[in-house]
Amino acid sequence: MPKRVVDLREQRALLDIASYGRRGPGHRPLTRAEVEHVSRTARHVPEVMIKVSGGARSVRGVQAHLDYIGREGEGVIETDDGARLQEKGFERALVKDWDLDLDEHRRHTQRGVAAGQKPPKLVHNLVFSMPKGTPAEKVHASVRKFATEKFALQHRYAMALHTDQGHPHVHVVVKAVSEQGERLNIRKATLREWRQDFARYLRELGVEANTTERAVRGEIRPQKATSIHRAMMRGASTLWRERAQSVARELASGGPRPEPGRERLVNTRRDVCRGWNAMAQLLDEQGHRELATVVRRFVERMPPPRTERQWIADQLEARVRAQQLDERQPTR
């Protein structure tokens, strides 16, 4: 799958830094919320993550996912009606309670099967997570509040807290069709709004949490799908191995080849830096001089923009240097 490059000239980010680089005279004063957002971003406050990890199209798929989040979590599944499910076979009872067996039969028509159409999703699988060290109980409480605010009395849902991977995260299974018969469509704008709300609920509980686009933060480490990332950690990702081998061959023959996306990445970074510098000037003008200094330091310390292949090349070269250093160390 091609890497998505965020171009701030075409997409509106959560913190619309690019607009400050184009501002004219008489720019409106920053609000308190905007100043706080700038401060969180420049201080590298942990970013919340909400991911749509798929969604089952069959009753069997729904049951399998519910069984997974129950077994791999804390052993308790919370539902929208306040129930706490632990007993064996709870997933079958939950599917029946949500009428998913009827939905599967009703919405996957014989005509659709004959035409080769995929059946619609019965549920959406969501993951809410924060970095290692965040109190798990506060992440859980924030997701519980989020689900109540967004889905209660509309979409049936169930959730489970997981802490086994070092960082607290909550799996939420949401019925795709509401009790009123409306289908939940999750778009990019939906996820942006959800991230903002999730971060706000965490902050209300005293947890520092932020929501800013990767490009605006100067983030360069490539994102990977969860399955690929886990395989990378085990050294078992064939996709990662093939890309690493391809880059290694390029390095051996003189260096990585030019990439079409490189210019766009550089242009995006230029817009980001211009916007941040304009923001620093605006902060100075409005009396936030200490924060303006923090912002300028934040921009100065941004790593250079790199494509995924450049990032892989840097990792390979760093590994080679480390091996060479080990070989020079005297042995006893």
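Let's start with glutamate 204, which comes out as partly exposed, at 47% relative accessibility. Keep in mind that this is a predicted model. Glutamate 204 makes a salt bridge with lysine 145, and the closest N and O atoms are 2.8 Å apart.

The next pair to look at is aspartate 284 with arginine 296, a salt bridge whose closest N and O atoms are 2.9 Å apart. Aspartate 284 sits in helix α12 (residues 261-285) and arginine 296 in helix α13 (residues 289-300), so this bridge ties together parts that are twelve residues apart in sequence. As for accessibility, aspartate 284 is partly exposed at 25%, and arginine 296 is partly exposed at 32%.

Glutamate 47 forms a salt bridge with arginine 195, with 3.2 Å between the closest N and O atoms. Here glutamate 47 comes from the loop between α2 (32-42) and β1 (49-52), while arginine 195 is in helix α8 (residues 188-204), so the two are distant parts of the chain, 148 residues apart. In total, the structure holds 17 salt bridges.

Now over to the strands. Strand β5 (residues 157-162) is mostly covered, with six of its six residues buried. In a regular strand, side chains alternate between the two faces of the sheet. In β5, Tyr157, Met159 and Leu161 point one way, Ala158, Ala160 and His162 point the other way, and all are buried.

What does β5 pair with? Strand β2 (residues 77-79) runs antiparallel to β5 and is joined to it by two bridges, with threonine 79 standing opposite alanine 158. Strand β6 (residues 169-175) is also antiparallel to β5, and six bridges join these two. Within that pairing, histidine 162 stands opposite histidine 169. Follow the chain from β5 to β6 and you'll trace a hairpin with six residues between the strands, where glycine 166 in the turn has a positive phi of about 95 degrees.

Note on methods:
Residues numbered from 1 in each chain as written. Predicted model: local features only at pLDDT ≥ 70, side-chain atom pairs only at ≥ 80, totals over all residues. Heavy atoms only, no water. Salt bridge = Lys/Arg side-chain N within 4 Å of Asp/Glu carboxyl O. Helix = DSSP H or I, 4+ residues; strand = E, 2+ residues; numbered from the N terminus. Buried < 20%, exposed > 50% of the residue type's maximum accessible area, 1.4 Å probe, protein only. Pairing = 2+ DSSP bridges.
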